[in-house]
Amino acid sequence: MSKKSILVVVIASYVFFAGCVSDEANRYYLKKRLPAKNINEVEVLQEEPQQPYIVVADFQARNATIKHMRKRAAEIGADAVIVVPVGGWYSRNEIWADKDRQSNSYHRLTGTAIQYKIK
Amino acid sequence: MKRTHLLGFGASCLILLMTFGCASVTVTKTAKGYFSPTDPDEIEILVTVPNRNFIELATVTTKNWPTNDTAKMHNSLRAKCAPLGANAVILGSSGIDHNGYFWASGVAIRYKSQLTTREATKIEKKGKKSPINKERKLIGYRATSEYPSGKIITTPVYEANEP
């Protein structure tokens, strides 16, 4: 195999694996399982809702998408999932703590699946 | 453009990003549930365990830092731990990798006394003084840095321990 072919295989492998969800590690807190829901019934939130809720589960995974978190929440019957991207690249040229020009990059997506107390 | 060219371009961008402009911060959540984000400017960087009650939110590692960019490295931890609701990061270990770049790892924490705005508002509506203000009594101010222009930055000093 030529050097060029090896390089192509290495890069292709990287791109392939970079696109896959990895290191997925979830936790479920309720004693009984809830019936699964349709994915379209699960709300996706980026902050805490105003109405009271209980935490059903926590999800986290590398290279995950919001759709992936929503799917996991639907599987366990949650009403909503609060999604928070964490980690990522950080520009070494940044000088202010509250500025992050790489805030769109994240290494891991976390999701907190919740069930509303009052429906 | 051929697919191989695209892949090569992508890989080159990644290598350039790592080599010249960017460090990385890896955050792994360990806490249960959701916490509202905090202000990155207020996040403390500690090397000793505080004597206030706290919960651990996540393990954090940052790497690819020039050895003289320690303060920027601290800011990277502040920026990346704020979305999780951290009040402080306790650094546990650090070192220099085989490329000569500095790395550090630690744990992001949230003080138990840190109530959410909603919780504090509820208490205030009931006519009680918010524990947020009640708990951390302001003692005074101290000068923390001085600019060449003569401007002095002061930081409020609160009571050290929880009541």
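Colleague: What is the bridge partner of A:G88 in β1(B)?

Modeller: In this predicted model, A:G88 bridges to B:V25 of β1(B). Another bridge joins A:Y90 to B:A23.

Colleague: And what makes β5(A) and β1(B) count as paired strands?

Modeller: Two strands need at least two bridges between them to pair. β5(A) and β1(B), residues 22-29 of chain B, have four bridges, in the antiparallel sense, so by that cut-off they are a pair.

Colleague: Which strand of chain B pairs with β1(B), and over how many bridges?

Modeller: That is β3(B), residues 54-65, with six bridges, again in the antiparallel sense. B:K29, for instance, has B:A58 as its bridge partner in β3(B). With at least two bridges as the requirement, six bridges make β1(B) and β3(B) a pair as well.

Colleague: What order do the strands take in the sheet?

Modeller: Follow β5(A)-β1(B)-β3(B)-β5(B)-β4(B)-β2(B): six strands in an open sheet with mixed pairing.

Colleague: Why are β5 of chain A and β2 of chain B said to stand at the edges?

Modeller: Each has a single partner strand, so one side of each is left without a neighbour in the sheet. From one strand to the next, the twist averages 30 degrees. Helix α2 of chain B, residues 70-81, packs on this sheet, and its direction makes about 45 degrees with that of β1(B). Among the strands that α2 of chain B touches are β5 of chain A and β1 of chain B.

Colleague: Why is β1(B) described as largely enclosed?

Modeller: A residue is buried if 20 or more other C-beta atoms lie within 10 Å of its own. Six of the eight residues of β1(B) are buried, so the rest of the structure largely encloses this strand.

Colleague: Turning to chain A itself, which residues of α2(A) are buried?

Modeller: In α2(A), residues 66-75, the buried ones are A:M69, A:R70, A:R72 and A:A73.

Colleague: How do you know that they line one face of the helix?

Modeller: Looking down the axis of α2(A), the buried residues fall within an arc of 160 degrees, so they line one face. Their cover includes β2 (43-45), β3, β4 and β6 of chain A. Just after this helix, A:G77 has a positive phi of about 75 degrees.

Colleague: In what order do the elements of chain A run?

Modeller: From the N terminus on, they go α-β-β-β-α-β-β-β, which comes to two helices and six strands. Of the 119 residues in chain A, 31% are buried.

Colleague: What share of the contacts in chain A join residues at least 24 apart?

Modeller: Among contacts between residues at least 6 apart in sequence, the share is 78%.

Technical notes. Residues are numbered from 1 along each chain as its sequence is written. Chains are lettered from A and ligands numbered from 1 in the order in which they are written. This is a predicted model: local features need pLDDT of at least 70, side-chain atom pairs count only at pLDDT 80 or more; totals for chains, interfaces and linings use all residues. A residue is buried if 20 or more other C-beta atoms lie within 10 Å of its own, exposed if 12 or fewer, and partly exposed in between; C-beta atoms are placed from the backbone. The arc is that of the directions from the helix axis to the C-beta atoms. Two residues are in contact if their C-beta atoms, placed from the backbone, lie within 7 Å. Axes are lines fitted to C-alpha atoms, for helices over the stretch in contact, and angles run from 0 to 180 degrees between N-to-C directions.
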